[in-house]
Amino acid sequence: MRRYYDCPQILRDFLTYHETIKGQSPKTISEYYLDLRMFFRFMKLMRDDMPIDTRLDDISIKDIDLNFISEIATSDIYDFLSYLANERTPNPDSKNPDYGVSTSTRARKLSSIKSFYKYLTVRTKQLSENPVADLEYPKLRKSLPKYLTMQESKALLQNVKGKNATRDIAILMLFLNCGIRRSELVGLNLTDVYEDRIRVVGKGNKERFVYFGSACRRAIDAYLDERNKIVLSDNRALFGSRDSNRISVTAVHRLVKKHLQAAGLDETQFSAHKLRHTAATMMLSGGVDLKTVQEVLGHENLNTTQIYTHIENTELKLAAEANPLSKLVSPEEE
C-alpha cells in the first residue's frame, strides 16, 4: 500500500481487506482508491471553508477519519453524483473540455462507494447506518455485444498466416472455444493444459476449468510441438512472444486485430473480447444452458451472462422465419 501516498488509515484498511481477504486484482484495488479519493476530496471541498478557486485534485485526504465519514449523508452523495454528471471533466486541460463523465464511470464510482460503506457497516461494523444502501445505479444504456458469425469465425482462422501462425491459431481457437479473457490467456502455463480442458485463473484469483473440443485440442497440440523447442524467460508460460518472454495482453490485442484485418473483418468493431462474446453466443445458440455458460465465462453473477440471451432469441427468431413451414397457410386462412 505504499504507492497510495495520500491515503488515510481507514481507506488503507479497506484496500488491504480487498487485496488480502477478497483477493482482488491490483487494478481493482487501484480503481477503489482513485474513486474514493475523488469522493473524499469532493466531500472536503463541500464541507470545509476553502478558496473558491481550489482545484479538487489539489485537496489532501490524509486527515479523513471515521468521524468525518459518519457525517456524510445520502444528500451529499447525490451532490457528488450530480457533480460527476454535470461538472467533472475527464480532460480539464483541454481547450474546449467536455463536462460530465459517462454513465458507466458514474456507476463504477458509486459501486466503489457502496463497497466502502458495506465494509464499514457489515464487515467491520464501524458504522451503524449506510447512506448508500438504497441508492440506485445510474441507468446504463443496454447494447448487445458484438460477435462473429460462424462464417466470419471460419474466415478469421483461415486467414492466419506468418511466422507465428501455429501459435496464433491456438490462441484464436482458445478464445472462440473457451471464451476466456485476454488476461486469463496470457496467464496460462504449460501445466494448465489438460487432455480436454484448461485451468484458468480469473478475476479475484478464482480458478476454473474450461473444456474445449477436438479442433481446439489439435490446434494446441500443433502449437505445443513448436513451443517445446523454445525456451522463454518464464519457461512456465504457455504462450511466448518474439522476444522470448511471456506473451503480453498488448501483443494479444495486436495479433487479433491483425488477423481480423487479414480476414476482411472490421478490426475497429471486433477484438479479443468480442471473440469471448462469440464463444458465449455460439454456446447458447447450440443449446447450452445459461448457468453453464456463466460457469464457462467465469461470471460471478448470472445477470452478467443474461445479455447473451437477447442474441440467442434473435437467432432463434431468424431460424424460425427461415423454416419453410413458417409460411404455410392454415386451412382457415385460405
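In strand E2, Glu207 is the bridge partner of Val201. The structure is a predicted model, in which local features need pLDDT of at least 70 and side-chain atom pairs count only at pLDDT 80 or more, whereas totals for chains, interfaces and linings use all residues. Residues are numbered from 1 along each chain as its sequence is written, and side-chain values use heavy atoms, with hydrogens and water left out.

Strand E1 (residues 197-201) and strand E2 (residues 207-211) pair in the antiparallel sense over 5 bridges; pairing requires that DSSP find at least two bridges between two strands. The hairpin of E1 and E2 has 5 residues between the strands, and Gly204 takes a positive phi near 70 degrees in this hairpin. Burial is defined by relative accessible area (buried under 20%, exposed over 50%, partly exposed in between; 1.4 Å probe, protein chains only).

The chain as a whole has 14 helices and 2 strands. Of its 334 residues, 41% count as buried. Among contacts between residues at least 6 apart in sequence, 57% join residues at least 24 apart, where contact means heavy atoms within 4.5 Å.

Two packed helices are described by the angle between their axes and the distance between the axes. For helix H1 (residues 9-21) and helix H2 (residues 26-47), the axes come within 10 Å and cross at roughly 160 degrees. Axes are lines fitted to C-alpha atoms, for helices over the stretch in contact, and angles run from 0 to 180 degrees between N-to-C directions. H1 and H2 are therefore roughly antiparallel to each other, a class that covers angles over 145 degrees, as against under 35 for roughly parallel, 65 to 115 for roughly perpendicular and the rest for oblique. The crossing of H1 and H2 is right-handed, that is, the near helix is turned clockwise from the far one by less than a right angle.

In this contact, Leu11, Phe14, Leu15, His18 and Glu19 of H1 meet Ile29, Tyr32, Tyr33, Leu36 and Phe40 of H2. The residues of the contact comprise 8 nonpolar, 1 polar and 1 charged. Helix H2 also holds Lys44, which is buried because its relative accessible area is 8%. Beyond its neighbours within four places in sequence, Lys44 is in contact with Met50, Ile59, Ser60, Ile61, Asp63, Ile64 and Phe68.

Positive phi values also occur in residues other than glycine. Lys125 has a phi near 55 degrees and is placed in the loop between helix H5 (103-123) and helix H6 (150-158). With a relative accessibility of 63%, Lys125 counts as exposed. Ser244, likewise not a glycine, has a positive phi of about 65 degrees. Ser244 lies in the loop between helix H9 (214-227) and helix H10 (249-262), and is partly exposed, at a relative accessible area of 34%.

Ala85 belongs to helix H4 (residues 74-86) and counts as partly exposed because its relative accessibility is 27%. Ala85 and Thr105 are 20 residues apart in sequence, and their C-alpha atoms are 9.6 Å apart in space.

Methods
Helix = DSSP H or I, 4+ residues; strand = E, 2+ residues; numbered from the N terminus. Nonpolar A, V, L, I, M, F, W, Y, C, P; charged D, E, K, R; others polar.
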